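Work through the exercises below with the sequence and the model at hand. Try each task before reading its solution.

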Amino acid sequence: MSAGKVEEYADGLCYTDLMAGYYIGAPDEVIQAIADYSAWFFVWDDRHDRDVIHGRPAAWLRLRLRLHAALDSPREHLHHQDPLVAGFADSMVRLYSFLTKKWNARFARHFHAVIEAYDREFRNRTGGIVPTVDEYLELRRLTFAHWIWTDLLEPSAGCELPTAVRNHFAYRRAALLSQEFAAWYNDLCSLPKEIAGDEVHNLGISLIHHEGLTLEEAVKEVRRRVDECITEFLDAEEDLNRFADILADGTVHGKELSVAVKACLGNMRNWFSSVYWFHHESGRYTVDSWDDRSTPPYVNNEAAGES
C-alpha cells in the first residue's frame with residue numbers, strides 16, 4: 001500500500017484484531033509480535049497474488065528465496081532493500097525470542113513448507129490448474145499455515161509443549177479442526193472475489209471444477225464442511241480437556257503442562273469466533289462495494305521487486 005492507502009484502509013482491514021481475538025491471555029509483547037506478523041502475512045499474500053496476476057515469476061522466485069534465507073538468519077535481513085523481507089525478518093527476530101531454539105527450529109521448518117506451498121499455488125494459478133478436492137485440502141493446510149498458528153499458541157500460553165503432548169491425537173485433532181474451520185470459512189467468504197478473478201485455489205472452485213457441482217451446491221457443501229468442523233471440535237474439546245486433566249499428575253510440571261494445554265485449547269476455541277467476525281468486519285471481503293470484484297481497492301499494482 002501507499003502511505004495514503006494505509007491511512008485510508010489499514011484500520012478497516014482489522015488484521016491485528018484477528019490475532020487479538022485468537023491469542024487471548026498472551027503477554028503484551030507476544031500478542032503484538034503475532035499481530036504484526038499476521039499483518040505481514042496478509043501483505044505477503046497480496047504481493048504473491050499480484051505476482052501471479054501480472055505474470056512476474058522472476059519477482060516471485062526472488063522473494064521466495066529471500067524469505068527462505070530470512071527465516072534462517074533474520075538478523076542479517078533486518079535492513080533488506082525489500083520492505084517485505086525486512087518486515088518478515090523483524091517478525092522472526094521477535095518471535096524467536098520467546099521460547100527455545102527447538103521451538104524456533106520447528107517454527108522455521110513449518111514456515112519453509114508454507115513458502116514452498118505458496119510456490120505450488122503460484123504454479124497452479126499461472127498454469128490455470130485447478131487442484132482436485134483432495135489435492136487442494138492438503139495444500140490449503142500449508143497455504144493457510146495451519147501449524148504456524150498452532151505453534152504460536154505456545155508462546156501465548158508461556159509454555160513450550162513437549163512433542164508427546166503436541167502429537168497426542170486429542171491435541172492434533174482439536175488444533176486441526178480449528179484451522180480447517182478458518183481456512184474453509186475463508187474460502188466461503190473469498191469465493192465471490194476469486195470467481196470474479198478467474199482463480200483456481202478455493203475449495204468451492206475445486207468442487208465446481210472436479211465434482212460437477214453448481215455454484216449454489218458448492219457453497220452449500222463448503223458450509224456443510226464448516227459446520228462439521230464446529231460439531232467435531234466440540235467433541236475434540238472434551239477429549240483434550242480430559243487429556244489435560246490427566247497431565248495434572250500431582251507434580252508441579254504436570255500442573256503447568258495441564259494449565260498450558262487448557263490455555264491452548266481455549267484459544268483454539270477462540271479461533272472460531274475471531275475468524276467469523278473478522279470476515280464480516282474486515283474490508284478485505286466487502287467485494288460488493290469494490291469497482292472490480294476481483295481486486296481490493298487498497299492493493300498496489302506496481303511491479304514490486306521486478307525492476
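The model is predicted, so local features need pLDDT of at least 70 and side-chain atom pairs pLDDT 80 or more, while totals for chains, interfaces and linings use all residues. Residues are numbered from 1 along each chain as its sequence is written, and side-chain values use heavy atoms, without hydrogens or water.

**Exercise 1. Describe how H3 and H5 pack and list the contact residues.**

Step 1. The axes of H3 and H5 (residues 83-95) come within 10 Å and cross at roughly 150°. Axes are lines fitted to C-alpha atoms, for helices over the stretch in contact, and angles run from 0 to 180 degrees between N-to-C directions. Helices are DSSP runs (H or I, at least four residues) numbered from the N terminus.

Step 2. H3 and H5 are therefore roughly antiparallel to each other (the term applies to angles over 145 degrees).

Step 3. The crossing of H3 and H5 is left-handed, that is, the near helix is turned anticlockwise from the far one by less than a right angle.

Step 4. On H3 the contact residues include Tyr 37, Trp 40 and Trp 44, and on H5 they include Phe 88, Met 92 and Leu 95. Contact means heavy atoms within 4.5 Å.

Step 5. Sorted by class, this contact of H3 with H5 has 10 nonpolar, three polar and three charged residues. Ala, Val, Leu, Ile, Met, Phe, Trp, Tyr, Cys and Pro count as nonpolar, Asp, Glu, Lys and Arg as charged, and the others, Gly among them, as polar.

**Exercise 2. What is the volume of the largest cavity, and which residues are closest to its centre?**

Step 1. A cavity is, on a 1 Å grid over the protein atoms alone, a set of points where a 1.4 Å probe fits but cannot get out; lining residues have an atom within 4 Å of a point. A volume is the space filled by probe spheres set on the points, which are joined across faces, edges and corners.

Step 2. The structure holds two cavities of 30 Å³ or more, and the largest has a volume of about 570 Å³.

Step 3. Of its 34 lining residues, Asp 45, Tyr 118, Arg 140, Asn 186 and Arg 284 are the closest to the centre.

Step 4. H3 (28-53) and H6 (101-126) are among the elements that give two or more residues to this lining. H3 gives the largest share, eight residues.

Step 5. The lining of the largest cavity has 14 nonpolar, eight polar and 12 charged residues.

How values were computed:
1 Å grid on protein atoms, 1.4 Å probe; cavity = no way out; pocket = protein on both sides within 12 Å on 5 of 7 lines; lining within 4 Å. Parallel < 35°, antiparallel > 145°, perpendicular 65-115°, else oblique.
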